[in-house]
Amino acid sequence: MKPYSPNSPRQSLLRSEVEPLLEVRGISCNYDLERAVFDLSLTVHRGEQVCLLGPSGCGKTTVLRAIAGFHPILTGSILINDQQVSAVNNMVPPEARRVGMVFQDHALFPHLTVRENIAAGLAQLSAGLRGESVGEMLERMGLSHHADRYPHELSGGQQQRVALARALAPKPLLLLMDEPFSSLDQELREHMGQEVSDMLKESGTTCVMVTHDQNDAFALGDKVGVMSEGAIVQWDTPYNLYHQPQTHFVADFIGNGVFINGQCEDKKQVNTSLGMLQSDIALDWSNDADIEVLLRPDDVVYDPDGSIIAKVTRRAFKGAQIMYTLRTLDGVKLLALFPSHANFGIGDEVRVRLDVDHLVVFEQNSTVD
Amino acid sequence: MIKPTDSALTASRLNESTKMIFHRRWVRVVDNFFQSRWKGLSVAIPYVWLVIFFLIPFFIVLKISFAESLIASPPFSSLFEWSEDAALKMTLIFDNFAYLWEDDLYVKTYLNSVKISTISTILCLLIGYPMAYAIVRASGTMKYLLLLMVILPFWTSFLLRVYAWMGILADQGTLNSFLIWAGVIDQPIRMMYSEFAVYIGIVYSYLPFMILPLYANLEKLDLTLHEAASDLGAHPITVFFTVTLPLTIPGIIAGGLLVFIPATGEFVIPDLLGGGNVLMIGRVLYDEFNSNHDWPVAAAVAIALLILLVIPMMLYQHAQSRQINN
């Protein structure tokens with residue numbers, strides 16, 4: 001059927017691990033008659049867990065639904081395992097895609113027990129194999145004691161597990177998760193995020209998750225695509241997203257921080273109201289260019305001998321650390337994360353210094369990406 | 001700097017909290033009043049209504065069913081009589097019920113009524129389910145337009161609509177004229193005064209009672225469940241039978257009983273469209289009461305019909321309470 005290609009699935013294991021499983025090629029989608037996704041491309045390799053992260057309304061769920069086959073695409077194509085599943089006016093129906101989806105509110109069948117819910121995707125197996133498969137899944141998810149309960153009798157975390165078990169039971173090529181932890185409370189959310197991440201890594205499941213919560217994204221995503229207004233703004237590791245954001249939007253959306261204005265002095269230095277900042281790499285700006293520098297809370301270090309004097313305007317106790325909002329004498333707002341023993345009250349004066357090892361610099365007033 | 005702001009804040013808070021207390025006290029007074037008097041009254045009104053307009057008439061009918069037919073006014077014997085030693089004597093006559101059982105006609109009529117209403121209910125379900133489904137899936141304005149079209153017939157008299165069907169189904173009626181004009185038939189087909197006409201009348205008249213509860217049920221159904229099922233590899237037909245249908249059973253039961261119960265006792269439709277050829281219990285009851293002037297037998301027919309319908313009504317109650325519990 002398909003012409004031979006060096007990337008065909010019948011290659012060595014080594015080869016198949018770096019092989020793309022999901023390819024989204026320049027898709028556009030409408031949502032409620034308005035364009036929601038613009039010419040978006042992404043590639044997910046076998047065994048990789050990626051995450052689409054963005055504020056609500058950025059089109060991330062529409063992308064996920066297009067991959068699952070619930071949403072038509074207007075341009076481009078989607079390939080799963082080298083098979084085209086979506087093209088303009090040509091869609092493989094969801095039931096034929098071998099994609100497992102975990103829905104935002106779990107979408108468990110209310111009239112079926114946990115066991116029957118998990119068995120729902122195994123209709124083509126014989127009764128014996130199905131029972132075995134479900135039993136295995138129940139055990140893996142720690143649901144054996146709840147097998148004959150109905151979804152409404154379970155806690156949020158348990159429902160989450162059932163939804164995951166149901167999606168994974170038919171051994172899908174690709175697992176999709178739409179805000180899977182949004183209905184859980186904060187503590188359970190972190191716990192489940194870690195647990196699910198471990199489980200997916202262990203089983204080598206390829207997974208695409210969609211979320212607006214960066215903690216969820218960082219817990220699960222090997223790669224994270226930050227989305228804004230229907231496009232991927234940056235596709236990178238969580239570390240790079242935080243430390244090397246490529247646009248103002250990403251810098252603002254990921255983590256905390258403030259922007260301070262300055263002028264490019266030469267290719268290695270920026271002159272700001274808080275002093276001269278050194279850059280570790282050559283800056284791609286002309287001299288005297290008006291730029292802004294991102295300061296993360298951990299870049300502002302508590303130092304009794306520091307040259308910058310600031311007043312505490314807000315504090316938030318976080319256990320081992322305290323997040324302070326500071327205002328310098330010149331009126332520049334700063335966010336600072338101090339160790340907990342550096343304990344100050346509102347209105348107190350503190351001395352800080354800047355400890356920036358990698359400058360993140362944008363053109364001034366580049367708030368619109 | 002801080003102090004005046006603080007005190008102002010405290011003052012406004014204090015003001016607010018006194019307002020709250022005052023407000024709460026009023027709420028409590030009104031609440032108590034409603035709880036002690038209006039709550040009792042609002043519960044009592046429907047009960048009083050039921051007793052006056054349902055329970056008392058029911059006992060009157062029950063009383064008549066145990067009486068004996070007389071040529072008098074009223075045309076039945078009294079249950080209670082003062083005997084010579086001034087004691088109250090009650091005579092219950094079970095002859096009427098025995099008569100219903102012994103005479104083939106009644107048993108046959110009951111069975112035929114149940115048959116006709118069962119088939120009508122199934123027809124209503126088969127026609128109404130796709131209609132309700134289509135209405136739920138229709139978008140925005142179209143949905144309300146379709147829903148309005150289901151409810152619209154209620155704005156004209158039920159009797160008038162059955163008469164309209166007489167005009168359509170008659171030998172020289174609209175349908176036959178059209179078929180002859182179109183060259184499909186040479187001779188008019190006899191449609192009036194047959195079970196066929198009765199089915200048409202019942203299905204037409206009671207279809208909205210099937211569609212509306214099904215619509216309400218389908219409307220509440222979470223569409224992501226369909227997506228979840230198709231994502232798990234189920235073909236749309238499988239999705240319907242494994243997800244949609246099981247989750248709309250409450251609607252099917254409610255709609256089914258809303259059609260079945262009134263259809264079983266239906267009088268107007270079999271009388272106007274079925275003529276003498278279709279035996280249904282509502283017509284027999286009418287004849288017994290109006291033509292034979294045998295009130296006790298007519299009352300016995302009504303009581304027997306009620307007992308026949310109590311079973312599905314209890315099923316309905318059960319289904320409803322189960323739905324509420326869920």
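Predicted model: local features only at pLDDT ≥ 70, side-chain atom pairs only at ≥ 80, totals over all residues.
A residue counts as buried when its relative accessible area is under 20%, as exposed when that area is over 50%, and as partly exposed in between. By that scale B:Y193 is partly exposed, because its relative accessible area is 33%.

**Nonpolar cores**

- The largest nonpolar core holds 78 residues, and the members that touch the most other members are A:L22, A:I27, A:I67, A:I78, A:L174 and A:L176.
- Helix α7 of chain B, residues 195-220, gives the most to this core, contributing 12 residues.
- Leaving aside residues up to four places away in sequence, A:I78 touches a set of residues that includes A:L22, A:I27, A:A66, A:I67, A:I73 and A:V85, and among the others are A:E23, A:Q83, A:Q84 and A:S86.

**Helix α6 of chain A**

- Helix α6 of chain A runs over residues 186-203, and because its 18 residues should span 26 Å at 1.5 Å a residue, the 26 Å between its end C-alpha atoms agrees with expectation.
- The buried residues of this helix are A:R189, A:M192, A:G193, A:V196, A:S197, A:M199 and A:L200.
- In an α-helix there are 3.6 residues a turn, so residues three or four places apart point the same way.
- Among the elements of chain A that cover the buried residues of α6(A) are the strands β3 (49-53), β8 (174-178) and β9 (207-211), together with the helices α4 (127-140), α5 (156-168) and α7 (214-220).
- After α6(A) comes A:G204, whose phi is positive, near 65°.

- Most residues other than glycine have a negative phi.

**Cysteines**

- Over all chains, the structure holds 0 disulfides.
- A:C51 is in no disulfide, and the nearest cysteine sulfur, which belongs to A:C207, is 8.2 Å away; A:C51 is buried, with a relative accessible area of 0%.
- The sulfur of A:C58 is too far for a bond, because the closest cysteine sulfur, in A:C51, is 11 Å from it, and A:C58 counts as buried at 2% relative accessibility.

Definitions and conventions: Residues numbered from 1 in each chain as written. Chains lettered and ligands numbered in written order. Heavy atoms only, no water. Core = buried A, V, L, I, M, F, W, Y, C linked by side-chain atoms within 4.5 Å. Buried < 20%, exposed > 50% of the residue type's maximum accessible area, 1.4 Å probe, protein only. Helix = DSSP H or I, 4+ residues; strand = E, 2+ residues; numbered from the N terminus. Contact = heavy atoms within 4.5 Å. Expected span 1.5 Å × (residues − 1). Disulfide = S-S within 2.5 Å.
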